[in-house]
Amino acid sequence: MADTPETTGEVQPAAGGGDVAAPRAPRPYRSQIPQRGPVASALAPAAGFGVTIRNFFSRTVTEQYPFETAPVKPRFHGRHQLNRYPDGLEKCIGCELCAWACPADAIYVEAADNTPEAQFSPGERFGVVYQINYLRCIFCGLCIEACPTRALTMTNEFELAGPTREGLILEKQDLLAPLAEGMLAAPHPMVEGTTDTEYYRGEVTAPTPDQVDWVAEHRPDDPTLAAARDRAPGAGAR
Ligand code: SF4
Ligand code: SF4
C-alpha cells in the first residue's frame, strides 16, 4: 500500500501555506457484537454443559458403518456398470463417447469389429477393452449422460477403496453386469431378422431358439444354456 499522510501521520502544510493541521487521534474500536452482562457471563459455562446434557439424552445418529451400511438415495452415483440386452448381448458398442465426455480422463475404451463367429453386441462394433480408473473418477455422471445406448449406468455401490493403485482400475469384466436368469452369454448372433434398431427400441426381450441352438452348437458346456432353453421353448427342436 502506498504511504499517505493518513498512514504515516506526517503533518502536511495547510492549503495556501497557512497553519499546519494537527494529526487526528485514532478512534477507539467498538465491537458491534452485543456484550454479555455479568450474570450471563457467570452462567455461560453452565449453559455450555446444558447443550451437552441435552444431546446426551437425545437419539443417537452415529452410523455404525461398516457394520451397518447406511442406505443411499436411488440416484446415488456409485460404481459404473456395463449393461446387457435381455438376450445377453452387450449394450456397449465401443463408440468412446463416454471417454470423450469424461472431464477427468478416467475412461479408456478400445473397440473391435463383431463377426458372425463372435458377435458381442448388436451392430458392427463392441468394446473389447473398457477401463475406468477410480483414482481419477469424480463420479460426475457425464459419461452415462453421453452414452447413446444406455450401456453405461451407475450403481449404488460406493465401497471402492483398495490397497493398490492397480486394483482401482476396473476392467471390462469387473464392470459388466452379471447375466440375469435366462440370458445367454455373449458371443452369439443377434435375434434373427433384427438390426441394432430393434434392440435400442427394447423389442428384444429374451433369447430365441435359434440363438440357444447356436450357443449349444458352439459352446455345448455353456452354463447359461439350461436357463436360456427354459425361456426359449422350441430350442433344439430342429
Ligand atoms: S463419472 Fe465423471 S469422472 Fe467418473 S468416469 Fe464418468 S465422466 Fe469420468
Ligand atoms: S459405454 Fe456407451 S458411450 Fe461408452 S463406449 Fe460403450 S456405448 Fe459408447
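Some ground rules come with the model: it is predicted, local features need pLDDT of at least 70, side-chain atom pairs count only at pLDDT 80 or more, and totals for chains, interfaces and linings use all residues. Residues are numbered from 1 along each chain as its sequence is written, while chains are lettered from A and ligands numbered from 1 in the order in which they are written.

The chain has 8 helices and 5 strands, where helices (H or I, at least four residues) and strands (E, at least two) are DSSP runs numbered from the N terminus. Going along the sequence, the pattern reads α-α-β-α-β-β-α-β-β-α-α-α-α. Of the 238 residues, 20% count as buried; a residue is buried if 20 or more other C-beta atoms lie within 10 Å of its own, exposed if 12 or fewer, and partly exposed in between, with C-beta atoms placed from the backbone. Two residues are in contact if their C-beta atoms, placed from the backbone, lie within 7 Å. Among contacts between residues at least 6 apart in sequence, 67% join residues at least 24 apart.

Next comes the sheet. It is an open one, made of 3 strands in the order E2-E3-E5, with antiparallel pairing; two strands pair if DSSP finds at least two bridges between them. Strand E2 (107-113) and strand E5 (169-170) sit at the edges, each pairing on one side only. Between E2 and E3 there are 7 bridges, and the two run antiparallel. Along this pair, Val109 faces Tyr130 in E3, and Asp113 has Arg125 in E3 as its bridge partner. E3 and E5 are joined by 2 bridges, again in the antiparallel sense, and here Asn133 is partnered by Ile169 in E5.

A nonpolar core is a set of buried Ala, Val, Leu, Ile, Met, Phe, Trp, Tyr and Cys residues joined through C-beta atoms within 7 Å. The largest one holds 21 residues, and Cys92 and Ile107 touch the most other members. Strand E3 (residues 125-133) gives the most to this core, with 3 residues. Apart from its neighbours within four places in sequence, Ile107 is in contact with Cys98, Ala99, Cys102, Ile132 and Cys143. There is also a second, separate core of 6 residues, including Met183, Leu184, Val212 and Val215.

An α-helix has 3.6 residues a turn, so residues three or four places apart point the same way.

Ligand 2 has 14 residues around it, and Cys92, Cys95, Cys98, Cys147 and Leu152 come nearest. Its shell has 10 nonpolar, 3 polar and 1 charged residues.

A cis peptide bond links Tyr65 to Pro66, with omega about 10 degrees, and Pro66 lies in the loop between helix H2 (38-56) and strand E1 (80-82). Another cis bond, also with omega about 10 degrees, links Ala186 to Pro187, which is placed in the loop between helix H5 (172-175) and helix H6 (196-200). Glu96, though not a glycine, has a positive phi near 75 degrees; this residue is in the loop between E1 and helix H3 (97-101). Phe139 is not a glycine either, and has a positive phi of about 60 degrees, in the loop between E3 and helix H4 (142-146). With 16 C-beta neighbours inside 10 Å, Glu96 counts as partly exposed, and Phe139, with 16 such neighbours, counts as partly exposed too.

Terms used:
Near = placed C-beta within 6 Å. Nonpolar A, V, L, I, M, F, W, Y, C, P; charged D, E, K, R; others polar.
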